[in-house]
Amino acid sequence: MRYIPHTAGDVTEMLERIGVATLQDLFVEVPESVRLKRPLNLQESASETELLREFKALAAANATPETHKSFLGGGAYNHFIPAVIDQLISRSEFYTAYTPYQPEISQGTLQAVFEFQTLICQLTGMDAANASMYDGASACAEAVLMAMRLTRRKRVLLSKALNPRYRAVVATYCRYLNLELVEVAVADDGRTDLVDLAAKLDDSTAAVVAGYPNYFGVIEDVAALAEQAHATGAKLVTAVAEPVALGLLKSPGELGADIVVGDGQSFGLPLAFGGPYVGFFAVRQKDVRGMPGRLVGETTDLEGQRGFVLTLATREQHIRREKATSNICSNQGLCALMVTIFMSLLGKQGLREMAEQNLAKAAYARQQLSAIKGFSLVFDGPAFNEFVVRSVAPVAEVLTRLEKVGILAGIPLAEDYPALADCFLVCVTEQNQREEIDALVAALQGGEA
Amino acid sequence: MTIVGTSGLVLNEKLLFEHSDPGRKGYSLPKLDVPTAELPAELCREEISGFPELSEVDVVRHFTRLSTWNYGVDSGFYPLGSCTMKYNPKVNEVAARIPGLAFIHPATPSHLAQGSLELMYRLQVALAEISGFARVTLQPAAGAQGELAGMLVIRAWHEARGSKRTKVLIPDTAHGTNPATASLTGYDVVPIASDGVLTLEEVEAHMNDDVAALMVTNPNTLGLFETNIEAICKLVHERGGMVYCDGANLNALMGIARPGDMGIDVMHFNLHKTFSTPHGGGGPGSGPVGVTEELTPYLPGPGIEFDGESYCIEATRADSIGRMMAFHGNVGIMVRAYAYIRSMGGAGLKYASEMAVLNANYVRARLEGVYDLPFTSRSLHEVIFSDKDLEGDCHTLDVAKRLIDYGYHPPTIYFPLVVKGAIMIELTETESQEVLDEFCDAMIAIAGEARDNPELLHQAPIRSRIRRLDETTAARKPKLKWEKGA
């Protein structure tokens with residue numbers, strides 16, 4: 001086995017030094033009754049060539065934006081990935097290291113995380129960000145838990161326009177914490193219904209949670225949400241599943257959000273069938289000590305040189321055990337590094353240009369689609385790069401018909417929103433050329449003729 | 001002894017923000033091929049204050065320099081106990097980057113995602129076979145999230161039976177994630193003592209009608225097999241509880257013994273430990289969970305199913321605890337882990353466990369007598385020493401820092417908490433006798449230095465790019481981001 005260096009001679013010599021006769025003698029403490037008395041029933045080992053042949057065959061059974069024209073979004077986005085990212089994260093000093101427990105030989109990871117925390121603060125308009133979370137949905141759940149700790153209240157209002165999978169993860173995390181989760185309706189413009197919110201907010205409410213942009217691609221009025229939440233002492237949690245939008249939109253921090261979470265996948269991470277992605281988590285200065293996850297801070301060494309360390313660890317599970325702010329141990333280190341490299345490359349100008357392209361392409365697609373007979377737009381609120389389309393013909397039929405001509409037209413909404421069973425969610429990014437959008441429009445039109 | 005640590009030329013590097021120069025750019029986008037669009041001005045921000053402006057070369061050099069300040073498994077021996085820092089095979093990286101696997105959208109209809117679904121299904125089946133469980137979910141993102149999923153499953157099972165138990169028993173040797181997870185599941189934690197391994201008597205004394213579960217780690221964090229595990233599981237079951245196993249140390253047992261056969265009800269895997277996926281500087285990992293047949297209805301949903309013809313994402317079951325992640329978990333990590341299992345085969349996995357245990361016992365034999373060995377029963381994959389016998393007022397931290405000068409990543413230190421000044425060494429199977437000998441020589445030399453020249457240890461590391469860092473000030477006056485002029 002090429003990953004295991006022992007020769008037969010080594011094994012003999014080592015057993016001798018240990019003072020046992022056979023390898024089996026090393027396992028004397030494992031009772032006979034629980035020993036596995038047969039070989040593991042797994043396929044024979046594959047050589048490198050066989051392995052890649054097998055995996056390529058599997059890969060060939062998948063549809064991707066390379067094989068299909070794709071308009072799928074809904075919390076995972078097909079964006080430009082600069083070549084630099086994979087080259088840099090392939091430095092094995094980055095990807096084969098672990099948690100920077102020994103700062104003297106982990107400064108690469110630590111400084112990059114410090115830069116990540118800074119960039120997330122700049123992007124979200126918040127004061128402090130952690131070293132990352134598993135994904136946007138779990139970060140959202142952790143934000144709800146944090147709001148509950150900060151306010152000592154047990155009722156949480158979730159906008160129905162928040163990504164349904166984020167809502168589901170919040171429900172899982174809160175399942176046995178005696179917390180009341182209440183849904184807030186969506187108004188006709190596709191934003192969270194402020195009237196319904198006002199009716200449901202009370203002085204037992206810990207948090208209001210909304211997407212920005214929301215699941216329908218509509219841009220919420222964060223300032224209004226914040227104002228209402230704050231009036232009853234609740235925290236506003238803003239979840240940003242599509243951070244490219246923040247290249248253009250006012251930051252949630254500027255608009256009054258108390259906790260900003262989101263997913264960094266759009267910033268240089270491959271779609272990879274849903275993960276690994278990376279959650280980000282940002283708070284106000286006064287709440288830093290109540291936040292979950294790892295934090296990196298700046299300090300100096302014995303000789304006065306600048307260096308970075310993991311800090312404020314007394315919030316964390318390895319010190320505080322059952323009293324920790326979260327059970328999270330790792331973060332998504334390498335993914336956070338990818339996001340950091342992405343933001344460094346795009347910078348001030350690039351992120352704005354990318355956001356403007358998304359806005360323009362989606363606006364073009366929206367306009368074209370709305371002109372087709374049998375299809376209409378559902379919401380009229382300001383939108384970024386996604387929008388909901390209503391179809392006269394059954395959605396499943398429409399999507400299947402388009403698949404046959406190589407187009408993944410969108411995500412059906414029936415399962416998550418029974419009232420929108422005749423609708424699907426379309427996403428258009430800078431990766432979709434005008435010809436692709438025109439092809440989508442033509443194919444939809446074709447069915448009507 | 002050849003000391004691999006030297007003082008080479010290491011380049012300094014500023015923060016990204018300190019390099020930034022207005023007007024530089026490090027990207028290219030295609031020319032916009034549709035008319036421009038605008039949002040209402042009141043929705044739009046000014047430029048992102050502080051965001052860097054850098055060329056591609058600036059960025060590449062910056063991160064390349066940072067990488068050289070890190071120590072990874074590819075740099076050298078990394079005996080970080082409980083983390084299983086084995087070699088990360090390169091073909092796994094290539095496999096995960098095959099475009100069809102890397103670029104598929106998670107909302108792709110099942111019939112157009114058969115490759116990923118088949119791979120995930122095969123991984124589920126392989127992990128079930130290795131662990132002896134009826135069914136595995138791949139959704140959790142990491143070990144701690146796997147623990148959460150597993151404990152939620154146990155709680156859901158209790159609730160379904162109308163049982164309102166409130167407590168969870170956790171041995172004092174457990175990882176901190178165990179009590180934190182129990183707490184997140186709404187349970188109160190009852191710590192129980194172990195004397196190296198858990199005794200039936202200790203569990204019996206605490207196991208009553210209010211205890212929902214026992215959380216164990218097997219082999220435990222002392223590297224010892226829980227020899228009473230069968231009797232303990234039987235007792236817990238008789239008294240209406242469930243047994244959760246932290247699978248962090250599965251690398252000792254592949255093909256040797258299966259947790260599912262010991263009476264354990266739920267266990268999480270750490271694909272980034274046992275199954276060779278890279279640790280990434282702190283993730284992404286992946287923490288699948290295996291359960292017995294009885295608990296399958298409560299697993300997180302949706303799961304991956306095979307109907308004999310094709311693979312599909314099943315609807316979330318009515319009794320499921322729900323979703324752990326926005327999509328299907330860290331699929332890119334699953335691809336790497338499955339590549340590892342395919343490369344090793346069943347016999348190879350068993351051999352890996354045997355060599356991991358051989359390595360631990362070899363290092364133990366070489367260092368016993370030099371360092372204090374608090375527990376003397378046979379070690380499995382890792383061995384725990386303490387600083388008790390060190391001279392010169394030197395402690396575990398000093399040994400760890402001095403090891404850096406010798407060119408090694410230090411072991412896990414001061415854990416488990418039950419051993420004062422613990423030095424927790426996990427070798428893994430991918431290290432040769434030669435590497436182990438050099439490491440042991442260094443450990444022995446350091447014990448000698450503690451006696452003869454303790455100041456050397458107190459000052460260590462002296463060869464690293466930076467010296468010991470002031471962690472107290474970092475925590476007292478936290479500076480968590482760069483600010484202009486600060």
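This is a predicted model: local features need pLDDT of at least 70, side-chain atom pairs count only at pLDDT 80 or more; totals for chains, interfaces and linings use all residues.
Two residues are said to be in contact, or to touch, if their C-beta atoms, placed from the backbone, lie within 7 Å. Residues are numbered from 1 along each chain as its sequence is written, and chains are lettered from A and ligands numbered from 1 in the order in which they are written.

I begin with a single residue, B:Ala142. Leaving aside residues up to four places away in sequence, B:Ala142 touches A:Tyr134, A:Cys329 and A:Ser330 in chain A, together with B:Gly283, B:Gly285, B:Ser286 and B:Gly287 in chain B. Its place is the loop between strand 1 (135–137) and helix 6 (143–160) of chain B. Helices (H or I, at least four residues) and strands (E, at least two) are here DSSP runs, numbered from the N terminus. Is B:Ala142 buried or exposed? B:Ala142 counts as buried, because it has 30 C-beta neighbours inside 10 Å. The cut-offs are these: a residue is buried if 20 or more other C-beta atoms lie within 10 Å of its own, exposed if 12 or fewer, and partly exposed in between, with C-beta atoms placed from the backbone. One of the residues it touches, B:Gly283, is 141 residues away in sequence, yet the two C-alpha atoms are 8.1 Å apart in space.

Let me turn to the two chains together. Across the interface, 162 residues of chain A are in contact with 168 residues of chain B. Which element of chain A gives the most to this side? Helix 12 (residues 333–370) of chain A does, with 22 residues. By class, the side of chain A that touches chain B has 84 nonpolar, 49 polar and 29 charged residues. In this classification Ala, Val, Leu, Ile, Met, Phe, Trp, Tyr, Cys and Pro count as nonpolar, Asp, Glu, Lys and Arg as charged, and the others, Gly among them, as polar.

Next, chain A as a whole. Chain A has 14 helices and 15 strands, and its C-alpha atoms fill a box of roughly 80 × 50 × 50 Å along the principal axes. Of its 449 residues, 61% are buried. The domain assignment, which is automatic or from a database, gives domain 1 (69–81 + 348–448) and domain 2 (84–342) of chain A. Taken over C-alpha atoms, the centres of these domains are 28 Å apart. Between them, 26 residues of domain 1 are in contact with 27 residues of domain 2. On the domain 1 side, helix 12 of chain A gives the most, with seven residues.

Strand 12 (386–391) of chain A also gives two or more residues to that side. Five of the six residues in strand 12 of chain A are buried. Strand 12 of chain A pairs with strand 11 (residues 375–377) in the antiparallel sense over three bridges, and with strand 15 (residues 423–427), again antiparallel, over five bridges. Pairing here requires that DSSP find at least two bridges between the strands. Among the partners, A:Leu377 is bridged to A:Val389, and A:Glu386 to A:Cys427.

Chain A also holds an open sheet of seven strands, in the order 2-8-7-6-5-3-4, with mixed pairing. Strand 2 (128–129) and strand 4 (180–184) of chain A stand at the edges with a single partner strand each, so one side of each has no neighbour in the sheet. Strand 2 of chain A runs antiparallel to strand 8 (residues 279–283), joined by two bridges.

I close with chain B. How many residues of strand 4 (residues 211–217) of chain B are buried? Seven of the seven are, so the strand is largely enclosed by the rest of the structure. Strand 4 of chain B runs parallel to strand 2 (residues 167–171), with three bridges, and pairs in the parallel sense with strand 5 (residues 242–246) over five bridges. In the latter pair, the bridge partner of B:Ala213 is B:Met242.
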